[in-house]
Amino acid sequence: MNPGGPHPERQADTARPAIADRFGRVKRKLRVSLTDRCNYRCVYCMPECPVWKPRADILRFEELHALVGFFVRRLGIEQVRLTGGEPLVRRGVAGFVRMLADLRASGLNRVSLSSNGVMLARFAGALARAGLDDVNVSLDAISPALFSRMTGGGQVRDVLRGIEAARKAGLRVKLNAVVIRGMNQDEIVPLTEFAVSEDLPLRFIEFMPLDGRGFWSADKVVTEREILALVCERFEVSATERTNEPASYYLLDSKFQLGIIATVSNPFCARCDRVRLTADGRVFSCLFAPAGVDLREALARSAGGAESLDSLVREAIWNKPAGFIELRGRGEVSMNVLGG
Ligand code: SAM
Ligand code: SF4
């Protein structure tokens, strides 16, 4: 069986600090956006004419390390995912992964990356040597023409090369594919066949109203049920028990685990254990939160003690909305800023 199912969750360590929101959801995962910039222009993510955040507003790696350290030591975060924009367009990401190694002794047990894969051919070896555990690569189509259309000119062969380099470097690789009606629903079966043949874990993601160009509409969402119906035409499918992973997992032909992240039609909000940090130092308690809480000033003041940082973050997390169902609207910040 492919290792694509839910990451084995550790038993809750009662000796570790823990932070919960007002609905009792304990946070164990932090997604850290390293940049809002990207070398792709995916139709479901980027604004048509993106305006990048000024470099002066982007936290230095030392500042990000201090914040991640705070989340790990004080709040009990155990897993960190580096994302973006495209995290690998920022110089020095492998060095940052290495900086995070000192937090392993404080309870950090996994450092992951989300990438479009293009720059992995260049950086996978350095990232693996720095201690990266695994990488999620976006691959929305196998057809070169469609892939290019969806990513604003990307070449699918670059991504496939990146995936190969990451596997050679010893990194675990998972694929993610956003599905959009009228665009790539015909790629669902070919992508699944590719993933099965390469033994690469795959998750389909429902299109969420977080794109930067107002392209989302409810009718463009290909739901979990529809994705399954297509997969069922080609594979024998059985459901597996749901965990606190965002995806529901299905077993194909009794051997391959396929995930579907159905944020719109079947949200996992009730079990959400994530917090998000943007590259300019804002904490978002939810993908759909209307605004983030700016931590920069508190971080600057926290040299002599982390009290103001502590109360700001705790309040932001406490006030996490119930989820997509409660918010129902578009997020204010697009995915390239939030990091997915
Ligand atoms: N550049 C990297 C990548 O593409 O994987 C990391 C950043 S990207 C914002 C993180 C994840 O968000 C990717 O899996 C991407 O497919 C997903 N994503 C972006 N916009 C989305 C949307 N509107 N709905 C659903 N998923 C989206
Ligand atoms: Fe860039 Fe990733 Fe957004 Fe595509 S999904 S535009 S690769 S940040």
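Biologist: What should I know before we start?
Modeller: This is a predicted model, in which local features need pLDDT of at least 70 and side-chain atom pairs count only at pLDDT 80 or more, while totals for chains, interfaces and linings use all residues. Residues are numbered from 1 along each chain as its sequence is written, chains are lettered from A and ligands numbered from 1 in the order in which they are written, and side-chain values use heavy atoms, with hydrogens and water left out.

Biologist: Which way do the side chains of strand 10 point?
Modeller: R274 and R276 point one way from strand 10 (residues 274-277), V275 and L277 point the other way, and all are buried. Strands are DSSP runs of E with at least two residues, helices are runs of H or I with at least four, and both are numbered from the N terminus. Buried means under 20% relative accessible area, exposed over 50%, and partly exposed in between, with a 1.4 Å probe and protein chains only.

Biologist: Which strand pairs with strand 10 in the parallel sense?
Modeller: Strand 1 (residues 29-33) does, over four bridges; two strands pair if DSSP finds at least two bridges between them. The bridge partner of L30 in strand 10 is V275.

Biologist: And how does strand 11 run relative to strand 10, parallel or antiparallel?
Modeller: Strand 11 (residues 282-284) runs antiparallel to strand 10, with two bridges joining them. L277 stands opposite V283 of strand 11. The two strands form a hairpin with four residues between them, and G281 in the turn has a positive phi of about 85°.

Biologist: Turning to the core, which residues touch the most other members?
Modeller: F71 and L82 do, in the largest nonpolar core, which has 105 residues. Such a core is a set of buried Ala, Val, Leu, Ile, Met, Phe, Trp, Tyr and Cys residues joined through side-chain atoms within 4.5 Å. Helix 1 (residues 61-75) gives the most to this core, with eight residues.

Biologist: What is L82 in contact with?
Modeller: Leaving aside neighbours within four places in sequence, the contacts of L82 include V32, L34, F96 and L113. Contact means heavy atoms within 4.5 Å.

Biologist: How many aromatic pairs are there?
Modeller: The structure holds four. Rings of Phe, Tyr and Trp (its six-membered ring) pair if their centres lie within 6.5 Å; planes under 30 degrees apart count as stacked, over 60 as edge-to-face and the rest as tilted. One of the pairs is F61 with F96, which is stacked at 4.9 Å centre to centre and 15° between the planes. Because F61 lies in helix 1 and F96 in helix 2 (residues 93-99), this pair ties together parts that are 35 residues apart in sequence. Both F61 and F96 are buried.

Biologist: Why is the pair of F70 and F71 edge-to-face?
Modeller: Their ring centres are 5.7 Å apart and their planes stand at 85°, so the pair is edge-to-face.

Biologist: How many salt bridges does a search of the whole structure find?
Modeller: The search finds 25. A salt bridge is a side-chain nitrogen of Lys or Arg within 4 Å of a carboxyl oxygen of Asp or Glu. Among them, R110 and D134 have their closest N and O atoms 3.0 Å apart. R110 lies in strand 3 and D134 in strand 4, so this pair ties together parts that are 24 residues apart in sequence.

Biologist: Are R110 and D134 buried or exposed?
Modeller: Both R110 and D134 are buried. Elsewhere, salt bridges that share partners join K29, E245, D273 and R274 into one network.
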